Amino acid sequence: LRSSRGLARVATMLSSKRALVATGADDHIDKKVKMTTALIPSSSDIKKQLVETKGVLPRTSTLEAPTMLLTGHGGPVNACKFDLSGDLLASGGMDKLLFLWKIEGKCENIATLKGNDGAILDIHWHRDKEFLLTACADKTGVVFDVETQEKIKRLRGHTSFVNSICGSRRGDPFVLTGSDDGSAMMWDLRVRSSIGILKDEKSIFPILTSCFSDDSTQAFTAGIDEEIRCWDLRKESVVYKLTGHKDCVTGMELSMDGRYLLSNSMDNSLISWDVRPYVSTPRFPRRFAGHRHNMDKTLLKAAWSKDGTRISGGSADRHVYVWDAMTGRILYKLPGHQGSVNEVDFHPTEPIIVSCSNDKKIFIGEIM
């Protein structure tokens, strides 16, 4: 009886509103009336119509859900990276802990690696995921054996925070670290001490980010002074400089084909640079905008998709941005985080991205 009376009242209200519409009183009311009328019959019909309207989005990954939240860190998460196979994810941050996550099903935490005496500022998988490298605020870099989950080497030599760490893609097992002391050091994992120091005597500014070239004969460093330097590792001298940013460069990554270098800067832009040898055209092909840096001055990183068609970078406005690498168009602006997004990474084989933030959370989600 109650339901029939309710329907009678709704029908009365609808008839009165239709009368107003018939007289041309309000076109906006007409739209609302039609929507309400369509949802009157029953709860099952309502659900059916909603499904037919919105549709069911196709799944694009092997994750248990389209978006997954990983928690466990006790402080801001500064870095997160998939390994080259996409089976594992590593994350680290202010709590000095390095977490390993299994990328399938529920994405469970499978290991916690200890050995960093300071906040973890950067992470890098060394080639075939045999080693995991971390840059720490304790002025050192740390090398972990992934299989045994033990610390096997500490890279000592810097006199201030180590902001970045990167491994060579091929050839000898070299590692490059960049520090607040204004220098970048090159290491051979087979040798105890550093094998080279990259330092521009004309610049005393901290180095915030660094990476190898594709063939590991050159290295790129950048930081407070807005310039990106390309170094010849054999001569330990600067080959050329990339100028275009107007503020500190906080993150860099080389594309998988080794042709382009992506940089993230506090001038609220990302730039894709052509770093191929013997380039006759300008090395500054494209600038990307939309993300934000703020007064926190966090070291926001940059990322390429493995096929080179998309890019992403950290942003202080709590969103994850994904751009088309060719057109510069923003493809995704993803909410969810409650703090600065420090790093984003693309899965090597599936359409999945991961992001970590100052809110202590890690999100893994599907994209189309």
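**Notebook: strands and cysteines**

I started with an open sheet of 4 strands, in the order 1-28-27-26, with antiparallel pairing. Strands here are DSSP runs of E with at least two residues, numbered from the N terminus. Two strands pair if DSSP finds at least two bridges between them. This is a predicted model, where local features need pLDDT of at least 70 and side-chain atom pairs count only at pLDDT 80 or more, while totals for chains, interfaces and linings use all residues. Residues are numbered from 1 along each chain as its sequence is written, and side-chain values use heavy atoms, with hydrogens and water left out.

I then followed strand 1 to its partner. Strand 28 (residues 362-366) pairs with strand 1 over 4 bridges, in the antiparallel sense. Thr 67 stands opposite Gly 365 in strand 28.

**Entry: the sheet 22-23-24-25**

I found another open sheet of 4 strands, ordered 22-23-24-25, with antiparallel pairing. Strand 22 (302-304) and strand 25 (330-334) are its edge strands, and each pairs on one side only. From one strand to the next, the twist averages 20°.

I checked one pair in it. Strand 22 and strand 23 (residues 310-313) run antiparallel and are joined by 3 bridges. Opposite Ala 303 I found Ser 312, in strand 23.

**Entry: a hairpin**

Next I looked at strand 16 (residues 228-232) and strand 17 (residues 237-242), which pair in the antiparallel sense over 5 bridges. Cys 230 has Tyr 240 in strand 17 as its bridge partner. The two strands form a hairpin with 4 residues between them. In the turn, Glu 236 has a positive phi of about 55°.

**Entry: cysteines**

How many disulfides are there? I counted 0 disulfides, taking a disulfide as a pair of cysteine sulfur atoms within 2.5 Å.

Is Cys 166 buried or exposed? Cys 166 is buried, with a relative accessible area of 10%. Cys 248 is buried, with a relative accessible area of 10%. Buried means under 20% relative accessible area, exposed over 50%, and partly exposed in between (1.4 Å probe, protein chains only).

Key: Axes are lines fitted to C-alpha atoms, for helices over the stretch in contact, and angles run from 0 to 180 degrees between N-to-C directions.
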